[in-house]
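Hi everyone, thanks for coming along.

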Amino acid sequence: MPRAQTRTLLREGDGGVVRRTTLPGGLRIITEQVPGVRSAAFGVWVAVGSRDETGTQMGSAHYLEHLLFKGTRRRSAMDISASIEAVGGDLNAFTTKEYTCFYARVLDEDLPLAIDVVCDVVTDALIRPEDVEAERGVILEEIAMHEDDPTDAVHDDFAAVLFGDTPLGRPILGTIETISGISRRSINAFYRNKYRPERIVVAAAGNVDHDAVVRLVRKAFAHVLDDDQQVGSARPARRPRPHSAGVRVTPRSTEQAHLVLGVPGIRRSDDRRYALSVLSTALGGGMSSRLFQEIREKRGLAYSVYSYAQGYADDGLFGVYVGCLPGKVDTVLDVCLTELERLAREGLSEDEIRRGKGQVKGATVLGQEDTGARMTRIAKSELHADPLPSIGTLLERVDAVTSADILDVAQELLSGPTSLAVIGPFDETTTFNAVG
């Protein structure tokens with residue numbers, strides 16, 4: 001049997017060790033030993049998301065996520081859930097535009113069970129016709145629930161405005177039409193073609209032993225590993241997506257109007273992401289942020305207001321969300337546009353930068369206080385082929401952000417035309433102040 005390749009990637013100051021083993025065939029296993037805990041988080045991350053679908057496949061990645069829990073040759077759907085719940089663990093999954101994750105969090109002594117169950121789900125699902133039909137109704141209900149929550153749906157509308165009819169602009173859940181039309185044959189082919197070892201990262205964090213995890217995972221994946229296969233790129237190279245500026249109004253008989261105003265952002269590997277993180281936090285990341293103060297505290301225009309940035313392999317977006325009374329939308333937009341223009345012209349004050357850095361650093365450290373977050377961090381780093389910095393290095397990079405860095409990224413992102421998505425009691429032809 002060909003030998004696996006193992007490397008130590010990181011040694012943290014608190015005694016934590018991150019190691020990676022690459023098996024013949026391309027499957028990667030990465031672990032972080034976290035001192036002083038009695039739990040373990042385990043996840044199988046597949047580099048397949050909604051942007052890997054064609055138009056007629058829209059929603060397949062998420063549909064498949066559901067179907068994998070419906071049964072394997074060794075376990076029924078009940079067996080899958082009951083086995084983890086019986087030991088007090090959590091079992092779940094989620095789909096994004098670029099990857100799908102199946103994960104469990106258990107006591108350290110139950111990690112072998114979690115590995116066996118999660119790997120069984122990912123590698124040996126039956127995808128029975130009756131399950132496809134039963135779950136079709138569940139997915140359609142989920143789409144309906146999503147559409148009934150405008151605080152979620154408006155973000156899909158914003159992506160559609162910004163990226164148009166491209167994979168990044170399409171909803172992860174798919175549409176009623178595409179889900180209704182997906183066949184068992186189509187989704188099973190999607191599973192067999194996409195869920196290949198070279199696209200998969202297996203991650204574990206907590207009170208774990210790397211060599212033991214590798215042995216258990218290798219055994220669980222034995223029937224799908226091909227030691228002699230040629231390992232290629234985990235996914236094709238991405239190309240920047242076209243952007244468009246415009247307005248999308250979705251009529252809904254809601255009490256509030258929900259809007260996202262924004263622009264194209266930067267890709268996730270861009271070194272400017274630290275400056276953008278500080279900028280976004282200072283602009284709309286808390287009660288002391290500019291937008292919260294201007295929109296809620298000073299003018300009482302809205303209850304909820306925040307800004308956010310999302311990076312992808314080749315692209316990104318930056319947006320501001322506000323929920324307000326329909327009659328206040330134009331005023332809210334005036335304030336938002338004024339602050340974005342001022343930010344592009346002047347940047348942030350030293351006091352805003354100091355507070356922004358403090359918030360980002362605090363969130364970075366506090367966000368790594370549980371094994372699930374640790375597992376997610378190392379998995380994403382490996383999945384995206386990004387270097388894995390220590391927490392200390394991350395804090396240093398945030399500290400190194402200067403006012404000039406922030407002004408540069410603000411001028412690049414915020415000086416061009418904006419896009420707007422609005423859900424509320426409006427006509428589709430409604431126009432809004434100074435957007436475009």
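Let me start with residue classes: Ala, Val, Leu, Ile, Met, Phe, Trp, Tyr, Cys and Pro count as nonpolar, Asp, Glu, Lys and Arg as charged, and the others, Gly among them, as polar. What you see is a predicted model, where local features need pLDDT of at least 70, side-chain atom pairs count only at pLDDT 80 or more, and totals for chains, interfaces and linings use all residues. Residues are numbered from 1 along each chain as its sequence is written, and side-chain values use heavy atoms, with hydrogens and water left out.

So, the second largest pocket. A pocket here is an open set of points on a 1 Å grid over the protein atoms alone, where a 1.4 Å probe fits, with protein on both sides within 12 Å along at least five of seven lines; lining residues have an atom within 4 Å of a point. How are the residues of its lining divided by class? Eight are nonpolar, five polar and six charged. Of the 19 lining residues, E147, D157, P171, T175 and R248 lie nearest the centre. Helix α4 (129-147) gives at least two residues to this lining, as do α5 (150-163) and β8 (247-251); helices (H or I, at least four residues) and strands (E, at least two) are DSSP runs, numbered from the N terminus. The largest share, five residues, is from α4.

Now the helix pair. In α11, L340, L343, A344, R345 and E346 meet L407, A410, Q411 and L414 of α15, contact being heavy atoms within 4.5 Å. Those contact residues comprise six nonpolar, one polar and two charged. Thanks, all!
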